[in-house]
Structures are given as C-alpha cells and as structure tokens.
Amino acid sequence: MYLNEVQYLEPSSHLINSCVEGDRHSQSQLYAMSAPGMFTVCLRYSRNREEAEEVMQEGFLKVFRNLHQFQKRGSFQGWIRKIMVNTALEKFRSKPNLYPLLSIDGLEENLQNDFSFEYILHELDAKDLILMIQHLPIGYRMVFNLHIFEGMKHREISESLGISEGTSKSNLHDARKILQAQIAARMTVASKNGS
C-alpha cells in the first residue's frame, strides 16, 4: 500500500443493493466509506486539491450511475478505484495536447545518491510525496501514477494515454529523475538544518 492509503472497508451486499435501489442514506454511507481512499487516488492524478475533488465527484457520479453493473466478483473498492483512475485519464485526454516539458539536463549532477522509489516512500511524508507528484508535468504524472501505483505495463499505458511505449518509458524515467532530484535537495536542506 503506497502513500498511507486509507484502509478500505468493503461494503455489504445489502448496502450496495440499497444504493442500486436509490436509497439516499445508503448512497451517503457508501460515499463516506469510500471517499477518503478515493480522494488519495485522485490527488495523485491531479495538480491540486480542487482538481482532485472535481475528478472524485465526477467519478462518484459514474459509480452511482453504473453501480448496477458491479458483479461482486472482485473487490468493490478495486472497482471504484478503476472508475476514479479512468475519470482522471478522461480529464487528461480531454485537455489540449499540451505537454509541458522540464529540462532534466543537470538533474543527475544534483543527485547525491541513487534513491530507489521504495527508499523515497520510507523517507518522505505521504503529503510531501503527493505534492511532488502533483507538480510533475501532466504527462509525466500520468505515466508515473499508472506505472507505479496501478502496476500498468508501458504497453497498457501507451494504449490508455494514446502515446508510444517509448514515450511512456521516457516519461517514467524523467519523472523518476525529477523526483529523485527533489528528494536529494530536501535531504540536503534537512541535513544542513540538522547540523
């Protein structure tokens, strides 16, 4: 589990059935159970809280509209998560193809250690890491999230985002370098302040 995601409670079949029947109290209860964890997912795909809230609200509209299609074969929270990720991707694809690029020239010079992603997760507070991910250029952010958090392969990412596999690999590489440079800078500042 990455970024201290909220532990999910699986809703009962009775609660899901009540939601499908349109019971507002049950829908509110299901939303309250699922929203904290889904907000964390949406935050990673968004550039700020407002955009994450927008993605989450659109996602929950789809959840309640399509709840009757949930077949109870897998995890309900996994089903909702997929809807949230797809909603974020739809938002990404609906924007003009503006891919702000950052120059990563010289970033390697700033790296004092080759930090693995696992090391970064242990050293950083979840909020700090989410903020760093949010500040990645949008293309890098999408690829990074899909690969690291959703476990997608570059072929799947290229199909989801309409980019080549090479672009997916390059964006992931660049996103990691940017994050590593930011971590190195933070650790340097922390060590100076601590001494």
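Predicted model: local features only at pLDDT ≥ 70, side-chain atom pairs only at ≥ 80, totals over all residues.
**View 1. Buried residues of helix α1.** In helix α1 (residues 13-20), the buried residues are L15, I16, S18 and C19. Seen down the axis of α1, these buried residues line one face of the helix, because they fall within an arc of 160 degrees. The arc is taken from the directions from the helix axis to the C-beta atoms. Buried means under 20% relative accessible area, exposed over 50%, and partly exposed in between, with a 1.4 Å probe and protein chains only. Helices are DSSP runs (H or I, at least four residues), numbered from the N terminus. The cover over the buried residues of α1 includes α2 (24-45), α3 (49-66) and α4 (76-94), where contact means heavy atoms within 4.5 Å.

Residues are numbered from 1 along each chain as its sequence is written, and side-chain values use heavy atoms, with hydrogens and water left out.

**View 2. Aromatic rings.** The whole structure holds 6 aromatic pairs. The pair of F70 and W79 is tilted, because the ring centres are 5.4 Å apart and the planes lie at 50 degrees. Rings of Phe, Tyr and Trp (its six-membered ring) pair if their centres lie within 6.5 Å; planes under 30 degrees apart count as stacked, over 60 as edge-to-face and the rest as tilted. F70 is buried, with a relative accessible area of 11%. One aromatic cluster is formed by Y31, F60 and F64.

Definitions and conventions. Helix = DSSP H or I, 4+ residues; strand = E, 2+ residues; numbered from the N terminus.
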